[in-house]
Structures are given as structure tokens and as C-alpha cells.
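Please look through this structure with me. My notes follow as numbered points.

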Amino acid sequence: MSVLIKGGRVITTADDYVGDVYVEGETVSLIGESLDVDADKVIDASGKYVLPGLVDPHTHLDMPFGGTTTIDDVESGQIAAAFGGTTCHVDFIIQPQGSSFADAFEDWRGKADGKQVIDMGYHMAVTDLREGGSLEELASLPDQGITSYKLFMAYKGALMVDDETLFKTMEVAAETGALVMVHAENGDAIDVLVKKALAEGKTEPKYHALTRPPETEGEATNRAIQLAHVAGCALYVVHVSCQESVEPIALAREKGWNVFGETCTQYFFVDYTFLERPNFEGAKYVYTPPPRDKANQDVLWAAVRNDVLSAISTDHCAFLWDGQKSLGKDDFSKIPNGGPGLENRLHMIHEFGVRQGRIGLNRMVELLATNPAKLFGLYPKKGTVAVGSDADIVVFDPSKKHTITAASQHSKTDYNLYEGTEVTGSPETVLLRGSVLVEGGELVAEPGIGQFVKRARFGQQLTAVEAAA
Ligand code: URP
Ligand code: ZN
Ligand code: ZN
């Protein structure tokens with residue numbers, strides 16, 4: 001199968017030009033002006049942007065959490081992603097306590113079996129190095145294409161690890177070339193604050209934020225940075241939400257340390273006051289770290305502009321408001337933590353980042369596709385439009401108006417964080433490795449087309465040969 005994408009404005013991190021992109025099989029084979037080639041399918045992209053398929057480095061599909069399981073499984077989550085222009089994501093395997101990493105990996109692969117619509121890789125969330133996985137087993141994961149270890153410094157009594165486990169994992173990463181990711185919050189201090197609030201009868205959703213002050217995020221971020229420096233590994237801080245954690249990341253990067261951070265779409269748009277919405281509406285915005293005071297939104301825009309933060313993910317972790325979030329109707333600490341977002345990252349960042357002049361188009365591509373691909377060992381297979389790269393391509397119509405609503409979304413959840421937001425600019429056609437996934441508002445590919453991608457180690461490139469091995 002060959003596809004010619006004609007006359008679009010091709011935008012990568014480095015370039016912005018009008019040209020033709022010719023796809024043969026699964027990869028881009030030629031880029032040029034007015035290409036004279038035969039193609040099985042021609043897409044007229046004049047007046048449109050031709051973007052690399054987006055890479056989301058932080059999602060949770062089919063994950064047991066908070067006394068329930070996320071409503072989006074691999075199929076529904078990836079369909080939502082495809083409609084939003086995301087063609088590859090990295091999801092989290094959560095090691096059940098007492099279980100080996102191999103068993104956890106097998107379990108997570110089973111959940112994706114036959115359901116994949118886009119390509120995906122995995123991070124390994126380490127929860128237990130005593131009874132479960134060993135350091136040796138952890139060290140073997142990069143050979144299987146799992147080249148990042150994630151540690152939760154919060155969720156005491158559930159996923160949280162102590163500093164010993166954190167540091168030992170960092171030491172393994174320094175040896176194996178894996179990237180360490182941290183959910184940075186001081187879980188012990190938060191646990192004290194949550195218990196105190198509940199004892200005082202403070203049960204509404206807003207206490208989710210009031211018991212997780214930004215200093216608890218800043219402290220844990222700094223602790224992880226210092227420990228990673230001692231261990232000698234590279235560090236990636238997930239879902240940075242506030243100035244208190246931006247600052248230590250900025251300082252480490254100024255010193256030239258291998259420290260990176262991401263924020264997520266929602267932190268630019270949802271602030272603390274959303275949690276105060278009446279009739280339990282606030283529960284829709286219970287995710288962690290919590291929505292912060294509005295002043296942090298400008299801090300985050302500056303941080304993504306100035307390369308203090310390197311990526312924007314979704315942390316898609318969707319629950320139903322009616323039936324799952326309601327588990328915490330009388331106790332905010334029982335509301336499953338997480339929010340949806342896979343479908344709207346490009347809509348929102350294009351509208352409020354690019355169209356409103358906060359970042360340029362090249363930087364948008366870098367934050368949503370190229371940097372996630374580079375940091376997580378997917379580049380140049382993923383994350384750019386270039387000869388030899390996978391033909392994961394989004395033809396984006398910058399003038400198409402779209403209103404974001406739960407009623408029209410593809411995620412299975414019953415609400416949308418950005419309900420009613422009107423944007424100008426929307427993905428029109430989405431290709432995965434040369435096959436059309438989305439066209440004319442329809443999913444045209446069948447589940448099963450997506451693949452597991454074995455990722456390269458931090459700082460290394462993923463060649464087609466390695467990916468096929
Ligand atoms: O609230 C969130 N973010 N849920 C997903 C798990 C995590 O902490 O990333
Ligand atoms: Zn987290
Ligand atoms: Zn997450």
C-alpha cells in the first residue's frame with residue numbers, strides 16, 4: 001500500500017515547509033516538492049498541517065486503582081487517542097505487590113491482546129522489591145524493551161515505595177540505562193493531612209487538594225532529583241503541577257543534570273476552584289497532583305516554553321463520575337484519583353498554546369511528539385515526519401471548528417474535563433504505519449492493528465532493525 005499526502009504544511013520540531021510526503025508500506029519513503037509518484041491513495045493536504053503522530057508518554061488503561069478499574073481499556077482508550085491524533089503511547093504496568101515483573105508484564109500484555117488500535121510501549125511501575133521482583137529481574141527489563149522504571153512517592157498503603165526502594169531502583173537504572181520516572185509527592189505527610197481532615201469531618205472533594213499542598217510535591221521532586229544525582233541515573237518527573245516542583249527541575253537542568261519533567265494538559269486549564277463545584281461535580285477533577293491555584297498555569301506555560309519542562313502528557317486515567325467517582329461521595333480520600341484526556345491534548349494545546357500565542361507550532365510538536373519519543377527510546381521511529389520513520393501522520397485541519405463534549409467523545413467515561421470548550425483546529429486524517437486509522441470522522445481500521453514497541457534505552461535511538469527484533 002502506498003499513500004501520497006499532497007501539498008500539506010509539514011511541521012516537525014525543526015521544520016515548517018509545504019511539501020508532499022510519500023508513504024510506502026509502513027514508513028515514509030520520500031519527501032519533496034510536487035512528487036511525481038504513483039500512489040494507491042492520495043490525500044489532499046493543501047491548507048492542512050502534516051504533523052507526526054503524537055506520542056503520549058503517560059497513560060493508564062485497564063488499570064485497577066482506587067478500589068475499581070479505569071473505565072477505558074486498551075481498545076476504548078486507544079480509539080480515543082487515535083481521534084485525538086495520538087498514534088503511540090507508553091502505559092504503566094503496575095507490579096502487584098508480591099508479584100514478579102515477568103508475571104506483571106504478561107498480565108498487561110494479555111489486557112492488550114487483539115485490542116490495540118495504536119502502537120504502545122510500557123513503563124514498569126515498581127511497587128515491591130522485597131517479596132516481588134528482584135533487582136536482577138528489574139535489570140533485565142530493558143532487554144525486553146521496557147526501558148523506564150516508575151516509582152510512586154505517594155499513595156501510602158497502596159502504590160507508594162519508600163526511599164530505599166526508590167534509591168535501589170535508581171542504582172539499577174544507572175547500570176542498565178533505564179530512565180527513572182517519579183510521581184513526586186510526599187506520601188507520608190499527605191497521609192497525616194488526609195487523616196486529620198477526615199477526623200475533622202472534612203469530606204468534600206476540595207479537601208483532596210487541601211491535603212496535598214504544593215510544598216509536598218516540591219519536596220518530593222527535589223528529593224528525587226538529589227537521589228537520582230547520587231545514584232547517577234536520568235530522572236523524569238511526571239505530572240508537574242506547580243511552581244514548587246518546577247523550581248527544583250529548573251535548577252537541576254541549569255546545572256546540566258539529566259533531569260526532565262512533564263506537565264499534563266489539565267494543569268493548564270483546570271484550577272483549584274473546579275474542586276469546589278457543588279453537588280459532587282468537584283469529584284470529576286480529583287486527580288493527583290490536584291488542580292492548583294490559577295497562578296501556577298502561567299508558571300507551567302513559561303516552563304514548557306523555556307524547556308524547563310520537556311513534554312505534555314495526558315495522564316489519562318478515566319473513571320465514570322456516576323458509579324466510580326461516587327465511591328467517595330462521603331469521603332474524598334475514596335474518590336478514585338484520575339481524569340480523562342487522551343482525545344483532547346492536541347485540541348487544547350493547539351488552541352490555547354499555539355493559537356493564543358503561548359508556544360509556536362514547532363514547539364507544540366516537540367512537546368507532544370518528538371520529546372516524548374526521544375526521552376522514551378522511540379525516536380526516530382516515532383515522533384517525527386522523516387524518511388525512514390514510521391508513517392504515523394496526522395493531517396490536521398487548522399480551521400476546523402470543534403466543540404469538546406462528553407457526548408461526542410470516544411472515551412467510555414461520562415464527562416470531559418473541558419466540556420463545552422470550542423477550539424479551532426482538529427485532526428482530520430490519522431495514519432498509523434501507513435494505514436489509515438481515522439478518516440471522515442470514522443475509525444476505519446480494526447482493533448489489532450496496533451503493536452507493542454520495544455523501546456531503546458535512554459539516550460539511544462530506536463532503529464527499525466531494533467524495533468523488529
Ligand atoms: O490521579 C492520577 N494521576 N491518577 C493516575 C495515577 C497517577 O498518579 O498517575
Ligand atoms: Zn502519578
Ligand atoms: Zn499517571
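1. K150 lies over the face of F92, at 4.0 Å from the ring centre. A second case is K111, whose charged end sits over the ring of W108, 3.8 Å from its centre. The test for a charge over a ring is that NZ of Lys or CZ of Arg is within 6 Å of the ring centre and within 35 degrees of the ring normal.

2. A word on the basis. This is a predicted model, in which local features need pLDDT of at least 70 and side-chain atom pairs count only at pLDDT 80 or more, while totals for chains, interfaces and linings use all residues. Residues are numbered from 1 along each chain as its sequence is written, chains are lettered from A and ligands numbered from 1 in the order in which they are written, and side-chain values use heavy atoms, with hydrogens and water left out.

3. Now the aromatic rings. The structure holds 16 aromatic pairs. Rings of Phe, Tyr and Trp (its six-membered ring) pair if their centres lie within 6.5 Å; planes under 30 degrees apart count as stacked, over 60 as edge-to-face and the rest as tilted.

4. F65 and Y155 are an edge-to-face pair, 5.1 Å centre to centre with 80 degrees between the planes. F65 lies in strand β7 and Y155 in the loop between β11 (148-152) and α4 (163-176), so this pair ties together parts 90 residues apart in sequence. Helices (H or I, at least four residues) and strands (E, at least two) are DSSP runs, numbered from the N terminus. Both F65 and Y155 are buried, that is, under 20% relative accessible area, where exposed is over 50% and partly exposed lies in between (1.4 Å probe, protein chains only).

5. F268 and W301 have ring centres 4.0 Å apart and planes at 25 degrees, so the pair is stacked. It links distant parts of the chain: F268 is in helix α9 (residues 266-269) and W301 in helix α10 (residues 295-305), 33 residues apart. F268 and W301 are buried. Ring pairs also join F268, F269, W301, F352 and Y418 into a cluster.

6. Which residues coordinate the zinc ion (ligand 3)? They are H58 (NE2), H60 (NE2) and D315 (OD), at 1.9 to 2.1 Å. Donors are N, O and S atoms within 2.8 Å of the metal (3.2 Å for Na, K and Ca); water is not among the atoms, so sites may look incomplete. The zinc ion (ligand 2) is 4.0 Å from the zinc ion (ligand 3).

7. H60 lies in the loop between β6 (54-59) and β7 (64-65), and D315 in the loop between β15 (311-313) and α11 (345-355), so the pair ties together parts 255 residues apart in sequence. H60 and D315 are both buried.
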